[in-house]
Amino acid sequence: MSEVKAIFQVLTRSEKKEFLAYLKKRNRRGSTKNIAFLKLLEEGTTKNLDVELYGFPSKAALSVLQKRVKDTLIDFLANRSFGKESSEEMEILKLLLASRILFEQGVVKTAIRTLEKAEIRASYIDAHATLNEIFQTKIQYAHLNPKWQLGSIISQFEENQKLYQRDIHLNMAYATIKNEIKYSARGSINEIVIRVFHEFSLEISSDLTYKSLYQLMVITASTAKLQNDYYTVSEYIADIFNAMKAKGPVPQKYLYYYRNMLYLMAVTEFRNKRFLGSRKMLKDLKETSKQGQKKFSEVFIEKVAVLSALVELYTGNMNKVEKILAQIKRHSLNKDLVLLMCLFQQSRFSDAYGILKGLTRSDDWYSKKMGWTWVLKKNIIELLLLIELDKLELVMNRFENFKRKFAKKLQEEGEDRVVTFVSLVEKFYENPNLVKTKEFEQYVQRSFEFVGREQEDIFVMSFFAWLRSKMQNKDLYTVTLEIVTV
């Protein structure tokens, strides 16, 4: 059951409609149990589904239906993937296959033209794996074309092999870093990145292709996200970006990589509280939309809008935040969370609570969909919001839930300060007058090990700003800006 539900949740709203239409076409007359089954799962019904569908208990029939729906979902995803993703590479592979068949059948002239066409297109998109196959085919049939110089083809193949190996090394480095951060003892990002880059012979240089530089930046930015430390890796990310800039004007075919690198730079600048730098990167990113390539995808538009809204939120332009978020047309949980933060900062607690009540899924569901950090932020904001609205029973319940769900994992992740923060919030709720005393201020100073404004995480600072606003009896948004921008 959970497997079918997990696969179905991967689809966007429009894809779900498309899949239901796909099922409807495939169904025999009067057979709609598969559609009814999916609709029940979407509504959150997971118990007694056999009774709901058939009117009587039948686990066997439900099991057969579940397997059939799962297989159809996988088939739909695969067909859609072939139709949409990597279409250029698929076309090149078709040309390669066609050329091989033509060589085998003795249609040599057409086979040569077809293979050369595949090579040109594969070279254009840096498809090194496919180029390997193309060069091997050229080597195999070089004796049939006097214009092909075998020595030259072998040299091209060997050069492409190096580029292909570099792609493999990048993928292995990415996997190694993720694995070390997840399963090994926590160490500094610097140590991990330097060692892994050295292990796989990776160097930051303008000699690297746009794709390779992009992959290096993704590895480094992902490492920062996993350890919630953008300060340590910011120099690496800047070096990678500068290596890309040193290559000169970006050719049209590499705009995809350039845009994504600009976005990652904007994220890094924001997380390091260099808001002007982040805004400039976002501006440059929007400028690339005028350069003739296809428009941004909905997902990318959402990511850019959310980041733009956060930049404005932390530079005192609160009035712009909601307008920017309105650009996101699709339902977006990131948009909901940022809007919730914005309303909370403005002390519009009832409006913020309205957003919160709309987040009706379980934390487990949100964790699978958005990640554990998103869920943690949501729970902290929820706790503070319920305190502001003085919902006594809910507040006490949330304190207990928070400790049960997050305390152990936070301590394992080395984020004890979050647990400490929540315990201080609890003390405040039990005795609001306590926070205005000198003793409480000293206790807070002893409880937290701050790492300095430049290095401190912006979201940690934002939550602490709420506590400080209570201690100083000042406006929350004013205190937030003071802490973040001083």
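Here is a short chat about a predicted model of one protein chain.

Q: Hi! How many helices and strands does the chain have?
A: Hello! This predicted model has 25 helices and 0 strands.

Q: Okay, and what box do the C-alpha atoms fill?
A: Taken along the principal axes, that box is roughly 90 × 65 × 45 Å.

Q: Let's look at one pair. At what angle do helix 13 and helix 14 pack?
A: The angle is about 165°, and the two axes lie 7 Å apart. Helix 13 covers residues 255–271, while helix 14 covers residues 275–287.

Q: So are they roughly parallel or roughly antiparallel?
A: Roughly antiparallel, because angles over 145 degrees are put in that group.

Q: And is their crossing left-handed or right-handed?
A: Helix 13 and helix 14 make a left-handed crossing.

Q: Which residues meet there?
A: From helix 13 you'll find Arg 259, Leu 262, Tyr 263, Met 265, Ala 266, Glu 269 and Phe 270. Their partners in helix 14 are Phe 275, Gly 277, Ser 278, Met 281, Leu 282, Asp 284 and Leu 285.

Q: How many of those are nonpolar, polar or charged?
A: This contact between helix 13 and helix 14 has 9 nonpolar residues, 2 polar ones and 3 charged ones.

Q: Back to the whole chain: what percentage of residues count as buried?
A: The chain has 486 residues, and 45% of them count as buried.

Q: What about the surface, how much of that belongs to carbon and sulfur atoms?
A: Those atoms account for 51% of an accessible surface of about 26,300 Å².

Q: Last one! Of contacts between residues at least 6 apart in sequence, what share joins residues at least 24 apart?
A: For this chain, that share is 64%.

Note on methods: Residues numbered from 1 in each chain as written. Predicted model: local features only at pLDDT ≥ 70, side-chain atom pairs only at ≥ 80, totals over all residues. Heavy atoms only, no water. Axes fitted to C-alpha atoms, helices over the stretch in contact; angles between N-to-C directions. Helix = DSSP H or I, 4+ residues; strand = E, 2+ residues; numbered from the N terminus. Parallel < 35°, antiparallel > 145°, perpendicular 65-115°, else oblique. Left-handed = near helix turned anticlockwise from the far one by under 90°. Contact = heavy atoms within 4.5 Å. Nonpolar A, V, L, I, M, F, W, Y, C, P; charged D, E, K, R; others polar. Buried < 20%, exposed > 50% of the residue type's maximum accessible area, 1.4 Å probe, protein only. Areas by Shrake-Rupley, 256 points an atom, 1.4 Å probe, with all protein chains shown as cover.
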